[in-house]
Amino acid sequence: MAEIKQDPKSEDSENYNVGNSADPKNMQELTQYVQTLLQNMQDKFQSMSDQIIGRIDDMGNKIDDLEKNIADLMTQAGVEGTEK
């Protein structure tokens, strides 16, 4: 069998070096990147939320129209509907 490397500490320090020695420019770029990413996500969620609310409003209007049409048909047929 192949031998498994058992010293993860050296790799971790190379790949995840976020101590006080971090380059301020890189930290600023990372911060800006994360802020931009979060803003984009917030914009997309807001857009999706607006679309969902618009569709719910449209559905409500269609239901209101359907209820009115059913009431008109019942009136034409001479059937009295029950009022809520």
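Modeller: Quick definition before we start. Buried means under 20% relative accessible area, exposed means over 50%, and partly exposed is in between. Also, this model is predicted.

Colleague: Okay, so where does Asp72 fall, buried, partly exposed or exposed?

Modeller: Asp72 has a relative accessible area of 34%, so it counts as partly exposed.

Colleague: Which residue does Asp72 form a salt bridge with?

Modeller: Lys68. The closest N and O atoms of the pair are 3.2 Å apart.

Colleague: Why can side chains pair like that?

Modeller: Opposite charges can pair when the charged atoms come close.

Colleague: And where do Asp72 and Lys68 lie?

Modeller: Both are in helix α2. They sit 4 residues apart, which is about one turn of the helix.

Colleague: How many salt bridges does the count come to?

Modeller: The count is 1.

Colleague: Let's zoom out. How many helices and strands does the protein have?

Modeller: There are 2 helices and 0 strands. Helix α2 covers residues 24–77. From first C-alpha to last, α2 reaches 79 Å, close to the 80 Å expected for its 54 residues.

Colleague: What follows α2?

Modeller: Gly78 does, and its phi is positive, near 80 degrees.

Colleague: New topic. What share of the protein's residues is buried?

Modeller: It is 0% of the 84 residues. The accessible surface comes to about 8,500 Å², and carbon and sulfur atoms hold 55% of it.

Colleague: Is Phe45 buried or exposed?

Modeller: Exposed, because its relative accessibility is 54%.

Key:
Residues numbered from 1 in each chain as written. Predicted model: local features only at pLDDT ≥ 70, side-chain atom pairs only at ≥ 80, totals over all residues. Heavy atoms only, no water. Buried < 20%, exposed > 50% of the residue type's maximum accessible area, 1.4 Å probe, protein only. Areas by Shrake-Rupley, 256 points an atom, 1.4 Å probe, with all protein chains shown as cover. Expected span 1.5 Å × (residues − 1). Salt bridge = Lys/Arg side-chain N within 4 Å of Asp/Glu carboxyl O.
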